[in-house]
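Please read it with the model open.

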Amino acid sequence: MFSIKELTDFIVEAKSRTYVGDGAALPACRLGSRDIGHQRGAWRYLDSYFGGTDFAGQEAVWHDGKPRWAMNYFGRIIRRDLIDAERAGTVIKAALQTMYRDKRHFLGGTEYQHAYGCYVDSSRGATDHFSGREVIFVDGEEAYELDYRGGLIVP
């Protein structure tokens, strides 16, 4: 078995080495998906998503070959006149790198100021059951949004 702390630590490790860390792509597990993953010992993580500027995806964690945790998300550029996908990605990666490194968690409570905009992530709950939202403000206007939710998978 595993503890919530072990799971949370692995999620932070996996997230920091995949999207945020520019990890190598995996073969698509679903037609048209983009997949990226991380594995260590009994732990396995997969982030599988569709789209680019507007996108939807799911992250999942397996322990000893059994699905134990998942999160789904949908994000989009709201104001294309204020930010594009490349700049939004730059802001998100910088903010998440800081959150993973400094706070050692992946859920909300983060505000990060970047030259391209202000990133704000707020959530409620904890690793076992949560929901949240990340937003990038440019010149005080909401330019990008992403909603997420997830938690433990209990057989």
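## Aromatic rings and the sheet around them

Phe130 has a relative accessibility of 1% and therefore counts as buried. That value comes from a predicted model. Phe130 also takes part in an edge-to-face pair with Phe106: the ring centres are 5.7 Å apart and the planes stand at 80°. The cut-off for edge-to-face is over 60 degrees, so the angle qualifies. The pair links distant parts of the chain, 24 residues apart. Phe106 sits in the loop between helix H2 and strand E6 (110-114), while Phe130 belongs to strand E8. Phe106 is buried as well, with a relative accessible area of 5%.

The aromatic pairs number seven in total. Among them is a stacked pair of Trp69 and Phe130, with 6.0 Å from centre to centre and 25° between the planes. Trp69 lies in strand E5 and Phe130 in strand E8, so this pair ties together parts that are 61 residues apart in sequence. Trp69 is buried, at 0% relative accessible area. Trp69, Phe106, Phe130 and Tyr148 make up one aromatic cluster.

Two rings also carry a charge over the face. Arg44 lies over Trp62, at 4.3 Å from the ring centre. The charged end of Lys93 sits over the ring of Tyr19, 4.9 Å from the centre of that ring.

| Strand pair | Bridges and sense |
|---|---|
| E4 and E5 | nine bridges, antiparallel |
| E6 and E7 | five bridges, antiparallel |
| E7 and E8 | nine bridges, antiparallel |
| E8 and E9 | 10 bridges, antiparallel |

Phe55 has Gly75 in E5 as its bridge partner. Tyr112 stands opposite Tyr119 in E7. Tyr119 in turn stands opposite Ile136 in E8. Gly132 is paired with Tyr148 in E9.

The turns come next. E6 and E7 form a hairpin with two residues between them. E7 is joined to E8 by a hairpin through two residues. The hairpin of E8 and E9 has two residues between the strands too, and there Asp139 takes a positive phi near 50°.

Is it mostly covered or mostly open? Seven of its 10 residues are buried, and the strand is mostly covered. E8 pairs with E7 (residues 117-126) and with E9 (residues 141-152).

## The nonpolar core

In soluble globular proteins, nonpolar side chains tend to be buried together. Here the largest nonpolar core has 33 residues. Val61, Trp69, Phe106, Ile136 and Tyr144 have the most contacts inside this core. Helix H1 (4-17), strand E3 (43-51), strand E4 (55-63), strand E5 (66-77), helix H2 (85-103), E8 and E9 each supply at least two of its residues. Which element gives the most? H2 does, with seven residues.

What does Tyr144 touch? Leaving out residues up to four places away in sequence, Tyr144 touches Phe55, Arg76, Ile77, Ile78, Ala88, Ile92, Glu134, Val135 and Ile136.

## The annotated span

The UniProt record, an unreviewed entry, places the feature "domain: DUF5680" at residues 47-153. In this model, that span is 18% helix and 59% strand.

Key
Residues are numbered from 1 along each chain as its sequence is written. This is a predicted model: local features need pLDDT of at least 70, side-chain atom pairs count only at pLDDT 80 or more; totals for chains, interfaces and linings use all residues. Side-chain values use heavy atoms; hydrogens and water are left out. Buried means under 20% relative accessible area, exposed over 50%, partly exposed in between (1.4 Å probe, protein chains only). Helices (H or I, at least four residues) and strands (E, at least two) are DSSP runs, numbered from the N terminus. Two strands pair if DSSP finds at least two bridges between them. A nonpolar core is a set of buried Ala, Val, Leu, Ile, Met, Phe, Trp, Tyr and Cys residues joined through side-chain atoms within 4.5 Å. Contact means heavy atoms within 4.5 Å. UniProt positions are given in the numbering used here, feature names are shortened, and annotations may be inferred rather than shown by experiment. Rings of Phe, Tyr and Trp (its six-membered ring) pair if their centres lie within 6.5 Å; planes under 30 degrees apart count as stacked, over 60 as edge-to-face and the rest as tilted. A charge sits over a ring if NZ of Lys or CZ of Arg is within 6 Å of the ring centre and within 35 degrees of the ring normal.
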